[in-house]
Amino acid sequence: MNGKSAHSLNTQGGITMKEKIKTARGVLLEIGFSGALILAGLAVSALLG
Amino acid sequence: MLDKPVNRLRPICYYTGLVVLVLNALQILPIITSVAYAEWPIVLAFAASLSIAVIVAAGLMLLGTKERFIKLSFGEGMVVAAGSWFLCMLLSALPYYFSGNYLSYLDTCFDVMSGLTTTGLTLIQDLDHVSNGINMWRHLLTFVGGQGMVVLALTFLTKGQGGTYRMYVGEAKDEKLFPNAVTTARRIWQISLIYLAIGTVALTISALVAGLPLDRAFLHGLWTYMSAWSTGGFAPMSQNILYYHSTLLELVTVVFFVIGSFNFALHHAALSGNTRELRKNIETVTFTVTLTITVLLCTLGLMKSGVYPDAMAMFRKGFYQLISGHTTTGFMTIYAKQFYYEWGDIALFAITIAMMFGGSASSTAGGFKGIRTGILFTALKGEVRRMVLPESRVKEQKYHHIRDIVLTDSIVKSAALIVILYIATFTIGTLAGLLAGYPLSMAAFESASATGNVGLSIGITTASMPAFLKIVYILVMWLARLEFLSVFALISYVIRKAAQVCRKKPYSL
């Protein structure tokens, strides 16, 4: 079974597994960005506070 | 196009009615909530309000049903956007009014406009004992307002219907994620619903850890998520986020309101596999820079005032309020009066500036928006280079937003115009606060909060504040959320229509 057919087997409601992985990666990245800002804020508070 | 109002009024009525109908149909959700908790007077309040809204919306739609395929002009699209926001404010306030939780109808209109514009200032009475149904409606309004109620209505349209993009632009969202406005609107809702699931679970767990029973934890998690994602600022308890006394819940809210303040084009890019966009985009870069500057300034100010004795208190009070203000969320972990009596002028100045900068364009956030701050800074940098460097070494200025864009004079002019209008509106709001007898720092803070659609309060926004100040804040929130032009188009349209009626009067008599 090649990669293409594997994707088509995992299709649910028109969204392929590849798209789901991209979405999950995007969500994690945005949460990571937000988390980095929180850590930076904590560092500033710790250094100056 | 606006020169033929007799023919052109009907599609405007149709689309306005559609937006009103779609928004008010959501009253079904608070009705279900109230039924589940046996809040029967509230069920009746919603049933009466929904009936009135449906009658008004159906009347408007019937008036223009034959003309609904006429393509709207940009001016007419803006009239639909601004008009439906105003009409929705009047009609969506009815459940509040019938519930008896407000002192006047003006107060209910204030809260609806505050919710829809994702501001978060509130005049509700005894919030800690408000029914679950009313709380559901408050948070739904802010959730839908963040995405845009026109955006919501567009998801129910077919792709061929005329003028949909013009209505979309009228609601201050000019990003086309897809060539078609209807598909773009559906993608915006898809992104919001993905985060709705993740955010509600995360905040429900946080509320459970904070000690709430399961059903309350779920409702508080759902409502807090709706407010956080929409950068709204409403909370189910009068002490806002301070009520929970939970570091975990505070951190989770920061994650979601920071993400909520991002541009939907950025979400679309990141969730479609373009992971580099997050660090290259002018808005995230500008946000990081302005946040760093204002956090440093605020922390130095708080150090000077000596109000928070340790790093954790500084983080949970200083940083939290600052980032909440910068993303235009308005969640608070301190009491309103503490800003004025404890923070000191430097920290207050920092947070006022942060509220003005705001989040990203085409997001749920308010303020100038990062893209405009970034554009103006890039233009300034270009001008300085032009003055300092020889002509041969001066390159054309570019900025990155989804793709590299050449900075033209018209882009700079457009950004500067909106920033000037924000500053003018902020000045009017501050002046109104001064006229009401508040000191300058308080008046400026509350005005920045209303203009930036933030929701942090220094203590001015209470049911006892003068009626004229409530009206000024309603107008300020409405103007700023729609970024002025749609409201100006509506006012211009009404004046022209009235002038035409006046001119025709002698003949009709």
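What distance separates the centres of domain 1 of chain B and domain 2 of chain B, taken over C-alpha atoms? In this predicted model, the two centres lie 27 Å apart. Domain 1 of chain B spans residues 5-260, and domain 2 of chain B spans residues 276-423.

The contact between these domains draws 25 residues from domain 1 of chain B and 17 residues from domain 2 of chain B. On the domain 1 side, α7 (132-147), α11 (214-229) and α12 (247-260) of chain B each contribute at least two residues. Of the elements on that side, α12(B) gives the most, with seven residues.

Chain B also touches chain A, in a contact that takes 28 residues from chain B and 20 residues from chain A. The elements giving two or more residues to the chain B side are α10 (181-209), α12, α13 (264-271), α15 (282-305) and α16 (311-326) of chain B.

The table sets out the residue classes of both sides.

| Side | Nonpolar | Polar | Charged |
|---|---|---|---|
| Chain B, touching chain A | 22 residues | five residues | one residue |

Strand β1 (residues 398-401) and strand β2 (residues 403-406) of chain B pair in the antiparallel sense over four bridges. Within this pairing, B:His400 stands opposite B:Asp404 in β2(B). The hairpin of β1(B) and β2(B) has one residue between the strands, and B:Ile402 takes a positive phi near 70 degrees there.

Conventions:
Residues are numbered from 1 along each chain as its sequence is written. Chains are lettered from A and ligands numbered from 1 in the order in which they are written. This is a predicted model: local features need pLDDT of at least 70, side-chain atom pairs count only at pLDDT 80 or more; totals for chains, interfaces and linings use all residues. Domain bounds come from an automatic or database domain assignment. Two residues are in contact if their C-beta atoms, placed from the backbone, lie within 7 Å. Ala, Val, Leu, Ile, Met, Phe, Trp, Tyr, Cys and Pro count as nonpolar, Asp, Glu, Lys and Arg as charged, and the others, Gly among them, as polar. Two strands pair if DSSP finds at least two bridges between them.
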